Amino acid sequence: MAKNKVEITGVNTSSLKTLSNNEMTNLFIAFKNGEKSAKEKLVRGNLKLVLRLLQKYQNKCDNLDDLFQIGTVGLIKAIDNFDLSYGVKFSTYAVFMIDGEIKRYIRDNNQIRVSRTIKELSYKIINYREEYLKKHFKYPSNDEMCSVFNIDSYDLNIALSSLADPLSIFDPIYNDGNDTILLLDQLEDKKQSNMDELLLLRDALSKINDRERTIIIKRYLNGLSQSEIANELNISQAQVSRIESGALKSIKKLIL
C-alpha cells in the first residue's frame, strides 16, 4: 500500500476513473441541460479529488469514511454551482468547497482537549481566588497568584482561559440592531488564495439582481462615489446607498 493512500470502506479507490477535460466539459453541458445521469458521472469521475484532499487529514480524524462522505457532499455542491463560464478548471473551483466542508465537519465534531495538568492548576487557582475573596473582599492580583503557585503570567492566563468555552467563528461580537459583526469578520485567513476569493465573489455577484450588481461593480471596481453612480443611473444618492447596503449583505450571506 502506498504511504499516503487513503482507504475507504466499500470503495475500491484504485478503480476510480479520472475524467479528461473534454469529458468534463461535455458532462457539464449535459448536466446543465437537465441530463441527470451526467451529474452522477461527474461525481464518480471526481472522487479521486476528494481522496487527494483527505490525505492531509489522516492524522486528524479517526474515521476517514465519514470525511469521505462529507467531502463528497462538498463535491456535489461544487458540481451544482460550477459554471463553465468561470474560465477555470473544475478542480480549482471544487477544492475550496470540498475542503471547506471537511474543515467545518472537523471543527463541529471535535472539542478542544485540555491537559489534566492545566485543568488541575486552573481549579486550584479558582478555589484560591474564591477563598481570597471571602477573606479580603476582593480578588488577588495576578502577580500574587503567580507567586503562590510559582508560575509566570503566561501559565496563569493559559490555566484560567482553559475553563472558558471555545468561541465559534460565527459568534456575534457586535450588534447595533441592524448589522451583526461576527468573529469571522475580524479574522484574516492568509492561507486562502486570491483565486478562491475571486471565485466566491464572482459566484455571489451572479446571484444578486442586475441593479445591485451594477452598483457594486461601479463602487468597488470602477471606484465611483455614490453621488456619481446616482447621476449615472438617474436615482438619488440615498437609493444608491440603500441598494449598495442590501447588496453587500446578500453577498456576505452567499460567501459565508
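Guide: Phe28, Phe82, Phe90 and Tyr93 come together as one aromatic cluster. The model is a predicted one, in which local features need pLDDT of at least 70 and side-chain atom pairs count only at pLDDT 80 or more, while totals for chains, interfaces and linings use all residues. Residues are numbered from 1 along each chain as its sequence is written, and side-chain values use heavy atoms, with hydrogens and water left out.

In total, the structure holds six aromatic pairs. Rings of Phe, Tyr and Trp (for Trp, its six-membered ring) pair if their centres lie within 6.5 Å; planes under 30 degrees apart count as stacked, over 60 as edge-to-face, and the rest as tilted. One of the pairs is Phe28 with Phe90, a tilted one with 5.2 Å from centre to centre and 50 degrees between the planes. This pair joins distant parts of the chain, since Phe28 belongs to helix α1 and Phe90 to helix α5, 62 residues apart. Helices here are DSSP runs of H or I with at least four residues, strands are runs of E with at least two, and both are numbered from the N terminus. Phe28 has a relative accessible area of 2%, so it counts as buried. Phe90 is also buried, at 5%. The cut-offs are these: buried means under 20% relative accessible area, exposed means over 50%, and partly exposed is in between, with a 1.4 Å probe and protein chains only.

Tyr128 and Tyr132 make another tilted pair, at 6.0 Å between centres and 40 degrees between planes. Both of these tyrosines sit in helix α6 (residues 116-136), four residues apart, which is about one turn of the helix. Tyr128 is partly exposed, at 22%, whereas Tyr132 has 12% and is therefore buried.

Rolling a probe the size of a water molecule over the atoms shows where empty space is left. On a 1 Å grid over the protein atoms alone, a cavity is a set of points where a 1.4 Å probe fits but cannot get out; a pocket is an open set with protein on both sides within 12 Å along at least five of seven lines, and lining residues have an atom within 4 Å of a point. Grid points are joined across faces, edges and corners, and a volume is the space filled by probe spheres set on the points. The second largest pocket has a volume of about 330 Å³. It is lined by 18 residues, of which Asn21, Met24, Asn46, Phe90 and Ser91 are the closest to its centre. Two or more lining residues come from each of α1 (21-32), α3 (47-54) and α5 (90-109). Helix α1 gives the largest share, four residues. Sorted by class, the lining has eight nonpolar, seven polar and three charged residues. Ala, Val, Leu, Ile, Met, Phe, Trp, Tyr, Cys and Pro count as nonpolar, Asp, Glu, Lys and Arg as charged, and the others, Gly among them, as polar.

Next comes a glycine. Gly71 is placed in helix α4 (residues 64-81) and is buried, with a relative accessible area of 0%. Apart from neighbours within four places in sequence, Gly71 touches Val50, Ile98 and Ile102, where contact means heavy atoms within 4.5 Å. The C-alpha atoms of Gly71 and Ile102 are 5.8 Å apart, although 31 residues separate the two along the chain.

Gln226 lies in helix α11 (residues 226-233) and, at 17%, counts as buried. Its side chain makes a polar contact of 2.9 Å with the side chain of Glu244. A polar contact is a pair of N or O atoms within 3.5 Å; within protein, one must be able to donate a hydrogen and the other to accept it, and residues adjacent in sequence count only if both atoms are side-chain atoms.

Most residues other than glycine have a negative phi. Asn150 has a positive phi of about 55 degrees, and Asn234 has one of about 60 degrees. Asn150 is in the loop between α7 (142-149) and α8 (153-161), and Asn234 is in the loop between α11 and α12 (237-255). Asn150 is exposed at 71%, and Asn234 is exposed at 71%.
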